[in-house]
Each structure stands twice: as structure tokens, then as C-alpha cells.
Amino acid sequence: MSVPESPLVAYRREFLEAEGTPLAIELRPGRRYGLVATADVEEQSCLLAEAPLALVQTHASRSSTPACARCLCPFAAARGAEDLGEVVCCACGDRYCSEACRRLAWSAEHELLCPAAGPSAEGAGREAAVALRRLLSELPNIGEAFELAIRLLALSAREEVELAEGEQRPVVGPRLWSLLQGLAGSAWWETVRFERGQLEEARRVTQQVLELAKEVLSGQEFLPDVGSDAFAHLVGQVRMNAVEVVVPPEDDEDESGQSAAGIALHLVASAVNHECEAKCALQTALPLPELRGWAVLQALSPLSVGSEATISYAAGPRAERRAALSEQWLFECGCAACGAADGTSG
């Protein structure tokens, strides 16, 4: 029986062809899709470069490294609360490295989520936006995934967004929501280690966040009709498909500057499957300003035609690696390095 091609698979195929990559998306053993080489590839070759669909800074990084709310460019170490230099501030308190970043963030999702301006800035919408920010800041280890999921909802309610010069055109509106349905995922509480009896609290918090988000985004024509289970699944999809990104200081000579850390979702790079002895690496700490948050897939060894491009989702000794893969990505690794034959990296 053939596996039906989802809108996401079709989008990934179109992207790979349009960008001229030496990759194609194919159905792999275990009824899963993966990216394979369409030509012989040399070691260190760049196979894929993709801008983030959405990007947020981790809560831990925010407390130590003030950074742009859009691109995560760290502000200069000398800039404290009393000296913001060239930093551009929104009325809600979000800060940006430039007016261009502020404008692009506003066009994408910030206008719909900002508690100080835009559609949600009055009455119940403003109260909900403030309460939503407060609640997300109080969620340990999972708040970033919730925040990114809410940004995806906002982008799904958009008809179009402004682009930076040379930027890849992002998918928004109902088409984005359709593509998101194709991502691997499960309810977010299945991707974390819980103490016994915490499931009901996880469901309650999920419902509370969703109700606030819907209040903030109410009135948007393209807003998806999402229930609590679907939203929990979306947060789980973020957990399973987003990657960690690092944005170094813009000034290479500023040795005191710290890099900002975040998570980002890429619709095509998320198709790369796991292998403990990976053939490729996903570079997400690129120093170039125009590539902040991007995912760049680089070959670690030569690839022949038909070879699958793989990355390692988890590091460490075999037991730790397999435990991490089972907990967050919900599969038992069956690659050669693990010496198991009872799982796939789907």
C-alpha cells in the first residue's frame, strides 16, 4: 500500500527543486519520508539552507542575554537597562536590533500578539495578551514550545507578511496550517518526563494557554479552529521538529558578548531523519547576520546518489542517546550504532 503524499511532502519537494539542492524527498524503509542525495556530494558540501518559519529565544537565554525579539541578535554587553543605544523598543517592551527587524516582526505575528498595540490592545484582548505572556514565562522547560506554537497560530491567521531583502518567502494563512498537519508529532506531554499525577495539570495549563491565545487572536478571519487536543499536538510537533539555534554577538571583537539561544522551526530541514552515526550536521549557529536562525545542512562525509542525508538528534553514550530519542522523539533507534533492529527513525 502506498503512503499518500501530504501537502507538506509536496511543499518540501517544491522547495528542494526551487532552491536547486542536491536532495529529493523520498519514502524510506519504515513508511517514513526522508531526504536523499540526487547527485554525488562531497564532504563539507552545503546541501540545504532554510530560513526559520518561527524563532523564539529560550527563557534561560533571555535572563542572561538580552537579544532582538525577532532575529535573536544579542545586544552589546555594554547596553544595560539604562543604555539601550540603537535598540528599537515596542510599546509592549519587546526590543529589536533595528527598525527593520521591528517592522518585519510586526508584519509577521507581533501585530496580532502585542498587548500594547494592534487588534488585541484594547479591552479583554489586552488583558488576555498580558496574562498570556505572564503564563508562558512561568512554564518551566516548555514555555518556549508553547510560545512558538502560538506564533504559528498567528502566522496561520495572516494573509501575507513583509519580507526582508533576499529572504525566502514564508508560508502563511490556511496553507501554513495545512502544512503543519504533516509534521511528526504527539501531545506535548508525551515528549517530556512527567511525575505521576501531573497529566491533569498539563491538560489544564494547555487549555488555559489556548483560551488566552484565542482571546488575543479573536476576530482574525483565517484563525484555525483549534481545540485543546489539537493545540497540545501542535506544541508536541514543535517539541519534536524544532531545533536549537545559537546567534553569536554581531561584534566579533566583543569578547564579553554572549550568544543568544533559541528554538526555531523549519518546514524542510525538519524532514531530515536521525542516525546516531550521522552523515550530515545541521548548522544553526552561523555568524552571518543574514543567516540568524537559519538551518544549513552540511555533509560530514561524501554522499553517493540515493544515500539518505541524516543528522543526530541526540548525543552522548548509547543508553543516554536512546533514552532521549525515546522520550522526546518517541522512537527506538535501530541504526547500526545502536545495534538494534526493532525501530525506525521515522
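Predicted model: local features only at pLDDT ≥ 70, side-chain atom pairs only at ≥ 80, totals over all residues.

Visitor: Which residues of the largest nonpolar core touch the most other members?

Guide: A nonpolar core is a set of buried Ala, Val, Leu, Ile, Met, Phe, Trp, Tyr and Cys residues joined through side-chain atoms within 4.5 Å; buried means under 20% relative accessible area, exposed over 50%, and partly exposed in between, with a 1.4 Å probe and protein chains only. Here the largest core has 77 residues, and Leu47, Phe146, Leu152, Leu180, Val209, Phe231 and Leu297 touch the most other members. Its largest share, nine residues, comes from helix α5 (residues 143-156), where helices (H or I, at least four residues) and strands (E, at least two) are DSSP runs numbered from the N terminus. Another core, of 13 residues, lies apart from it and includes Ala69, Cys73, Phe75 and Val87.

Visitor: Where do Leu72 and Asn141 lie, in helices or in loops?

Guide: Leu72 is in the loop between α2 (59-64) and β5 (88-89), and Asn141 is in the loop between α4 (123-137) and α5. Leu72 has a positive phi of about 70 degrees although it is not a glycine, and Asn141, also not a glycine, has a positive phi near 70 degrees. Leu72 counts as buried at 1% relative accessibility, whereas Asn141, at 73%, counts as exposed.

Visitor: How many aromatic pairs does a search of the whole structure find?

Guide: A pair of aromatic rings is described by the distance of the centres and the angle of the planes. Rings of Phe, Tyr and Trp (its six-membered ring) pair if their centres lie within 6.5 Å, and planes under 30 degrees apart count as stacked, over 60 as edge-to-face and the rest as tilted. The search finds six pairs. Among them, Tyr313 and Trp329 form a tilted pair, 5.3 Å centre to centre with 45 degrees between the planes. Tyr313 lies in the loop between β12 (310-311) and α9 (318-328) and Trp329 in the segment after α9, so this pair ties together parts 16 residues apart in sequence. Tyr313 and Phe331 form an edge-to-face pair, at 6.3 Å and 75 degrees.

Notes
Residues numbered from 1 in each chain as written. Heavy atoms only, no water.
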